[in-house]
Structures are given as C-alpha cells and as structure tokens.
Amino acid sequence: MKSKILLENIYLDFPIYESESFSFRNKITSMSKSAFSRMSSEDKGSKVVHGLKDINFTFNHGDKIALLGPNGSGKTTLLKLLSGIYSPTSGKIVREGDISCMIDIGFGFQSDATGYENIIYAGISRGLRKKDIEKIMPEIVDFSGLGEFLDMPLRTYSSGMQARLAFSTAIASAPGILLMDEFFSTGDLEFSKKSKDKVLEMMDASSILIFASHDLELLKTLCNKAICLKHGQISYYGNTEEAIDHYKEFYEK
Amino acid sequence: MNFLKKNIALIDVVFSIKNYYSWLYLSYFDLKLKYRRTFLGPWWVVIGMAISATAMCFLWSTIFNLDWKEYLTYLYSGFIIWMWISQLVVDAPEVFYGEAQKYIKAYPNPPLFYVLRKCSLNLLLFLHHVPLILVVAYAVNKKIELNVLYSLPIGMFVVFVNSILFTAIVGMFSARYRDIEPLVKSLMPPMLLLTPVLWKPEMLGSYINYIYLNPFTYFVGIIRNDLIGLDFDINIWIGALAITIFQLIIFFILYSKKRNRIIFWI
C-alpha cells in the first residue's frame with residue numbers, strides 16, 4: 001500500500017490549566033460569582049497556547065522530510081500530531097500506512113525490570129507479540145552491546161547504557177511512515193557512529209520519513225524536502241538546501 | 001452507520017479489544033514486577049488476607065453472636081471481593097495522570113488501553129485469591145455448588161466490565177479536577193462498613209431494603225451469593241445490570257466528547 005499523509009488547515013491549541021482551575025472549589029466559587037457578575041468564566045479560566053497554526057501539506061510515498069526550527073517552534077508537537085498522540089483542534093488529517101513512532105524512545109521502560117524484560121516490555125507496548133520480539137531479540141542484544149548487563153535491572157544502568165538499550169529497542173520497529181525526533185546524540189563515540197548507520201538504514205527502508213533534527217549536514221544528505229517551523233507556523237516548505245538557508249537566517253537577524 | 005465508524009469511543013473500544021494481547025501481557029508483567037524480590041511473591045497477599053480475615057472472623061462472630069464456621073466463608077468471600085472492588089475504585093482516579101501519563105504522551109495508544117491494563121491487573125490479583133475462598137468454603141461446608149462453574153465467571157465478567165467503565169469515567173473527571181482522588185480515597189473505608197461485607201443483610205431487620213441504595217451491594221453480591229451458596233436474589237442481578245447500562249451510557253457520552261482532551265489534562 002502506498003503511504004500518504006495529508007494535513008489541511010491544521011490548528012492545535014494547548015489549554016494550560018493553572019493549579020486553581022483544576023479544583024472543584026474554584027469551579028463552584030466561579031460559578032456563584034458568575035451568577036452575579038458578567039465576566040465569563042473563560043476570561044479567568046485556562047490560558048491557551050497556540051501550538052500549531054494553519055499547517056497544510058501533503059506527503060507522498062518516498063518523501064523524506066526534514067523538520068527544522070528553533071527550540072519551541074513546534075517540531076515535536078507536529079510529530080506527535082502526525083503520530084496521533086495529539087488530535088488537532090481543527091482541520092483535517094489523513095494518514096495512510098503504518099506509522100512507527102520514534103519520538104520518545106524510552107517509551108515503556110520499567111526501572112525494576114531487567115534489560116531483556118524491558119526489550120520485550122517495550123515491544124509489547126508497541127503492539128508486537130512476544131514471539132515476534134524473540135525473533136529480533138538477538139539483533140537487538142547484539143546491537144546494544146550491553147552483554148551480560150541485560151540480565152540486570154534497568155535502574156542499575158548509567159544514562160548512556162539506558163540510551164543504548166532504548167535505541168536498540170526502538171530500531172526494531174517495522175518500517176513504514178517513520179516519525180523521528182532527534183535523539184542519537186547520547187552514547188559514546190562508537191555507539192553514536194553505529195546508531196547513525198542503523199538510522200540511515202532504517203530511514204532508507206521507510207516509505208515516508210519525517211525527521212526533526214538540528215544536524216544540518218545529515219539532513220542535507222537524507223532528506224529531499226524540508227519544512228521550517230517558526231512559532232508553530234510553517235515559514236518555509238520546499239527544497240532542503242533552501243530551507244536550511246532560510247533556517248540560518250533566523251539566527252543572522 | 002458512518003456516524004458509528006467515526007465515533008472515537010467505539011474506535012478505541014474496537015482497538016482495545018483487538019489489542020487484548022498487549023494490555024493483558026503488560027498487566028501480567030506489572031504483576032510480576034510487583035512481586036519481584038519478595039520471597040513468597042503472590043502468596044504474601046493470600047497470607048495477609050488469611051491473617052486479617054481469620055482474626056476478624058473470631059472477633060465479629062463473637063460480637064454478632066454467630067456460628068463462626070458459617071461466618072468464616074461469608075467473611076472470607078466478602079472480604080476478598082471487597083479487596084478487589086475497593087482497590088479498583090482507589091486506583092481509578094490516577095489511571096491517566098499516574099504512571100500512564102508518560103505513556104500517553106509518548107505513544108499513540110488510546111487512553112482506554114491504559115484503563116484496561118489497570119483493570120486487568122486488578123482482575124489478575126483477584127483471580128489468585130479465588131482459590132482461597134473455595135478452599136475455605138469447602139473446608140467449612142464440605143461441599144461446593146456446581147453452579148459456581150458458570151456463575152462465578154459471569155459475576156466476575158460483570159464486575160470487570162463495570163470496573164473498566166468506572167475507571168474510565170472517574171479517571172477522566174479526576175484528570176481534569178484533582179479533587180476526585182482525595183474524595184474517593186476518603187469514601188472507601190466507610191463504604192466497607194456500609195456494604196454487607198462483614199455483616200449480613202438480614203441483621204438489619206426492617207431496614208434490610210436500605211442495602212439496595214448502595215451500589216457496592218450489587219457487585220459484592222453478584223460474585224458472592226452463588227460462591228458460598230446463599231439464596232438467589234434477583235434484585236442484585238437487576239441492579240448490577242442497571243448500573244452497567246448507566247455507566248455504559250455515561251462512558252460513551254463522556255469519552256466520545258472528551259477523549260482528545262485527556263492528554264491536555266495530564
């Protein structure tokens with residue numbers, strides 16, 4: 001099946017709840033107040049942050065898209081929207097094809113479980129069966145390079161080792177539409193080189209890749225299209241090289 | 001029909017049923033982790049329960065002036081069912097903003113998935129207490145009715161379905177309004193005394209009909225009555241069914257309207 005993603009007039013607003021608006025007492029007092037005053041509850045209710053504004057695009061089979069933008073510009077939010085973690089406040093979204101979501105790769109880990117158990121655990125959280133995980137287990141074990149540490153509980157791992165395990169587990173997911181947030185910066189030199197190669201392989205196998213990163217050189221070699229985000233809006237969409245130039249301009253001003 | 005296909009509550013229900021393997025396995029895994037590094041593992045719960053229920057049996061059978069043999073099975077079964085029900089009620093408020101919040105924010109499984117994971121964990125806990133009731137019932141009465149074979153699974157299924165609906169509804173309210181959790185936690189201990197767990201309905205004399213005002217009566221009764229050979233009470237089944245339908249309606253309305261907001265509340 002051909003993969004496809006279509007977004008039309010997407011808006012995503014985040015309501016931010018203050019601690020007061022979470023409680024019943026406040027709700028009741030504000031209800032009794034509003035009976036006497038004309039101030040609407042919205043005026044003093046939750047604040048709204050506009051996460052994404054007016055996003056339109058269509059990605060087809062074979063597209064490799066770079067997501068660029070400063071911190072807080074909405075890259076991860078857009079990835080989460082595409083994966084289905086968030087639903088848009090308004091607008092239309094169409095997804096065709098299997099999505100593998102590599103936004104938070106430590107997803108589903110338990111600190112009391114051993115490395116082996118966590119591999120199974122994370123796989124099952126992603127909808128795999130135990131027998132499927134056991135098939136790819138040797139590859140994951142080999143790739144992580146953690147050896148006998150895999151028999152120990154996760155809480156005894158250093159953060160670098162945890163990242164290794166998380167990464168090795170995440171790469172086992174099936175190709176398809178691949179949503180990826182930048183994460184392979186942790187780990188020692190040997191591992192980040194190894195993981196980079198593996199990521200490149202995975203990206204090649206994916207039908208659509210959407211990749212958020214600040215590694216401009218990597219994006220240039222990988223992606224044939226790019227989206228530049230600024231304050232939750234698309235400020236540039238098109239060719240990767242030009243998008244990178246556009247992105248650099250943010251900082252030159 | 002098109003409306004049904006687009007209803008988010010139905011979509012999530014279908015997804016969760018299709019993915020039964022995942023949440024069932026995860027809850028089994030949660031159970032395993034719970035007992036990690038203990039020597040007796042799941043037997044601790046059984047032992048703990050046996051100790052407190054036995055102690056209570058001698059105390060209360062004296063206070064109520066009852067035959068302790070008959071009272072023992074009544075108390076054991078009631079107490080064990082109550083453990084399940086009160087645990088699921090206490091767990092319900094935290095289902096979304098507790099541990100599951102980091103999963104909900106990291107991966108596109110529907111929130112209902114984590115409700116099922118929590119509820120099946122509590123069901124599994126209950127399951128390894130059931131043999132204890134049967135052993136006690138057999139040791140004291142020297143017989144067990146055969147209709148337990150079908151009435152027990154049906155009763156458990158009804159409670160399980162209700163636990164899912166209840167957890168989803170309360171979980172959503174308490175994700176939005178954090179007052180629900182302390183409220184629920186302070187309500188459960190007195191509910192134990194108000195529900196016919198430790199005492200028998202007939203002890204109320206002319207006030208006996210008041211027990212039907214308490215929704216917990218139905219769910220304790222639906223599992224217990226056949227299990228220990230009490231008389232069949234049609235009111236309990238009608239009540240349980242009515243509560244199930246009521247919860248189903250609330251669940252579908254609330255979940256289809258607010259499902260997509262849950263992530264912003266946690």
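Student: How do you know that the span of helix H6 (residues 159–170) of chain A agrees with 1.5 Å a residue?

Tutor: Bear in mind that this is a predicted model. The expected span is 1.5 Å times one less than the number of residues, so the 12 residues of H6(A) should span 16 Å, and since its end C-alpha atoms are 16 Å apart, the two values agree.

Student: What makes H6(A) mostly covered?

Tutor: A residue is called buried if 20 or more other C-beta atoms lie within 10 Å of its own, and 9 of the 12 residues of H6(A) are buried. Among them are Met161(A), Arg164(A), Leu165(A) and Phe167(A).

Student: Why is strand E3 (64–68) of chain A called largely enclosed?

Tutor: The reason is the count, because 5 of the 5 residues of E3(A) are buried, and the strand is therefore largely enclosed by the rest of the structure. Lys64(A), Ala66(A) and Leu68(A) point one way from the strand, whereas Ile65(A) and Leu67(A) point the other way, and all are buried. In a regular strand, side chains alternate between the two faces of the sheet.

Student: How do you know that E3(A) pairs with E7(A) and with E8(A), and in which sense?

Tutor: Pairing requires at least two bridges between two strands. E3(A) and E7(A) have 4 bridges in the parallel sense, and 4 bridges also join E3(A) to E8(A), again running parallel, so both pairs meet the criterion of at least two bridges. Ile65(A) stands opposite Ile210(A) in E7(A), and Leu68(A) stands opposite Cys228(A) in E8(A).

Student: What makes strand E5 (99–102) and strand E9 (233–238) of chain A edge strands?

Tutor: These two strands belong to an open sheet of 6 strands in chain A, in the order E5-E6-E7-E3-E8-E9 and with mixed pairing. E5 and E9 are at the edges, as each pairs on one side only. From one strand to the next, the twist averages 15°. Within this sheet, strand E6 (residues 177–181) and strand E7 (residues 208–212) of chain A pair in the parallel sense over 5 bridges, and Met180(A) stands opposite Phe211(A) in E7(A). Helix H9 (residues 240–252) of chain A lies across E3, E8 and E9, running at about 20° to E8(A).

Student: Why is one side of strand E2 (47–60) and of strand E4 (90–96) of chain A left without a neighbour in the sheet?

Tutor: Those strands are part of an open antiparallel sheet of 3 strands in chain A, in the order E2-E1-E4. E2 and E4 stand at its edges with a single partner strand each, so one side of each has no neighbour in the sheet. Here the twist averages 25° from one strand to the next. E1(A) and E4(A) pair in the antiparallel sense over 6 bridges, with Tyr11(A) opposite Ser90(A) in E4(A). H3(A) lies across E1 and E2 of chain A, at about 65° to E2(A).

Student: What makes H4(A) stand out on the side of chain A that touches chain B?

Tutor: Contact is counted where C-beta atoms lie within 7 Å, and here it takes 24 residues from chain A and 19 residues from chain B. Strand E1 (4–16) and helix H4 (115–125) of chain A each supply at least two residues of the side of chain A, and H4(A) gives the most, with 3 residues. The residues on that side of chain A divide into 12 nonpolar, 8 polar and 4 charged.

Notes: Residues numbered from 1 in each chain as written. Chains lettered and ligands numbered in written order. Predicted model: local features only at pLDDT ≥ 70, side-chain atom pairs only at ≥ 80, totals over all residues. Axes fitted to C-alpha atoms, helices over the stretch in contact; angles between N-to-C directions. Contact = placed C-beta atoms within 7 Å. Nonpolar A, V, L, I, M, F, W, Y, C, P; charged D, E, K, R; others polar.
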